[in-house]
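These are my notebook entries on a single chain. I record what I looked up, entry by entry.

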Amino acid sequence: DFEHGFSFYWCTKVFGLLLAVAWALRQIGVRSYALAIFGAIWVLFSSYVQWWFSSPGMLPEMITTWAICLGCAVCFFKDRHRGKLGLALAGFIFCGTNFVLCLYPPYQIPLTLLMLAILIGVWLENCDKQDSKSTIRALLLIGTGLLAIAIILIPYWIDVRGTLEMVAHTVYPGQRRSAGGDLSLFKLFSGVLGFFESEQTVPAVYD
């Protein structure tokens with residue numbers, strides 16, 4: 001029913017984020033289970049994620065689907081078992097579609113760039129261990145996944161295109177442009193990624 005469905009959805013925001021981030025950290029090379037769990041807990045309970053936890057930007061869902069996409073893409077480079085690769089491709093397409101549908105570019109663009117940087121690192125790290133066929137296979141699977149996501153989203157794009165054109169002509173968010181980099185490293189590590197901020201307790205460097 002509605003109440004149990006809502007409860008399941010809310011629990012998925014919490015436990016889905018924990019499991020997805022921990023799994024992604026394991027996939028990219030964090031060998032310690034304890035360290036992977038600690039990283040997932042850090043992401044979940046960081047002040048930024050908690051502050052935007054139930055906002056329309058759907059940050060927990062976005063990070064969850066992003067982490068699963070990242071883990072699946074790493075599988076393309078490392079695994080050779082066809083069954084695992086098939087499951088990874090299905091997960092990549094499903095979560096990639098959901099990641100796009102969160103539709104909040106200020107979060108999506110940095111996460112996509114971060115994923116690209118991590119995948120390049122994974123590829124470079126495994127260059128000596130892999131033959132060219134493995135790399136080509138991984139790139140083909142990523143390309144197939146992206147193509148499938150694009151095809152799945154065609155009906156959505158047709159339906160929403162008019163609305164997006166209207167939004168593009170608004171002052172906010174349509175004309176909003178940011179190249180990023182406005183936050184200094186000092187400010188970045190002065191509380192945004194911490195655990196104990198509240199409306200009453202904020203870092204002194206912020207208004």
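**Entry 1. Charges.** I began with the charged side chains: the protein has 14 positive and 13 negative ones, and the centres of the two sets lie 13 Å apart. For this count Lys and Arg are positive and Asp and Glu negative, while His and the chain ends are not counted. I took the place of a charge as NZ of Lys, CZ of Arg, CG of Asp or CD of Glu.

**Entry 2. Basis of the values.** I note that this is a predicted model, in which local features need pLDDT of at least 70 and side-chain atom pairs count only at pLDDT 80 or more, whereas totals for chains, interfaces and linings use all residues. Residues are numbered from 1 along each chain as its sequence is written, and side-chain values use heavy atoms, with hydrogens and water left out.

**Entry 3. Overall build.** I found nine helices and zero strands in the protein. Both are DSSP runs numbered from the N terminus, helices being H or I with at least four residues and strands E with at least two. The C-alpha trace spans about 55 × 45 × 45 Å along its principal axes. Of the contacts with a separation of 6 or more, 68% are between residues 24 or more positions apart; a contact means heavy atoms within 4.5 Å.

**Entry 4. Surface and burial.** Accessible areas come from the Shrake-Rupley method with a 1.4 Å probe, and for residues only the protein chains shown count as cover. Of the 207 residues, 34% count as buried. Buried means under 20% relative accessible area, exposed over 50%, and partly exposed in between (1.4 Å probe, protein chains only).

**Entry 5. Salt bridge.** Which side chains meet in a salt bridge? I found Glu 61 and Lys 13, at 3.0 Å from N to O. The pair links distant parts of the chain, with Glu 61 in helix 4 (residues 59–78) and Lys 13 in helix 1 (residues 2–27), 48 residues apart. The rule asks for a side-chain nitrogen of Lys or Arg within 4 Å of a carboxyl oxygen of Asp or Glu, and by it the count comes to one. Glu 61 is buried at a relative accessible area of 15%, and Lys 13 is buried at 4%.

**Entry 6. Nonpolar patch.** I listed Tyr 33, Leu 35, Ile 37, Phe 38, Ile 41, Trp 42, Phe 45, Phe 195 and Phe 196 as a nonpolar surface patch with about 990 Å² of accessible area together. Patches are made of residues with over 30% relative accessible area and no salt bridge; like charges are joined within 9 Å and nonpolar side chains (Val, Leu, Ile, Met, Phe, Trp, Tyr) within 5 Å. Ile 41, in helix 2 (residues 33–45), is partly exposed at 35%.

**Entry 7. Backbone.** I noted a cis peptide bond between Tyr 172 and Pro 173, with omega about 10°. Pro 173 is placed in the loop between helix 8 (154–168) and helix 9 (185–192). Met 58, although not a glycine, has a positive phi of about 55°. Met 58 lies in the loop between helix 3 (47–51) and helix 4 and is partly exposed at 27%. Leu 103, also not a glycine, has a positive phi near 55°. Leu 103 sits in the loop between helix 5 and helix 6 (105–125) and is partly exposed at 40%.
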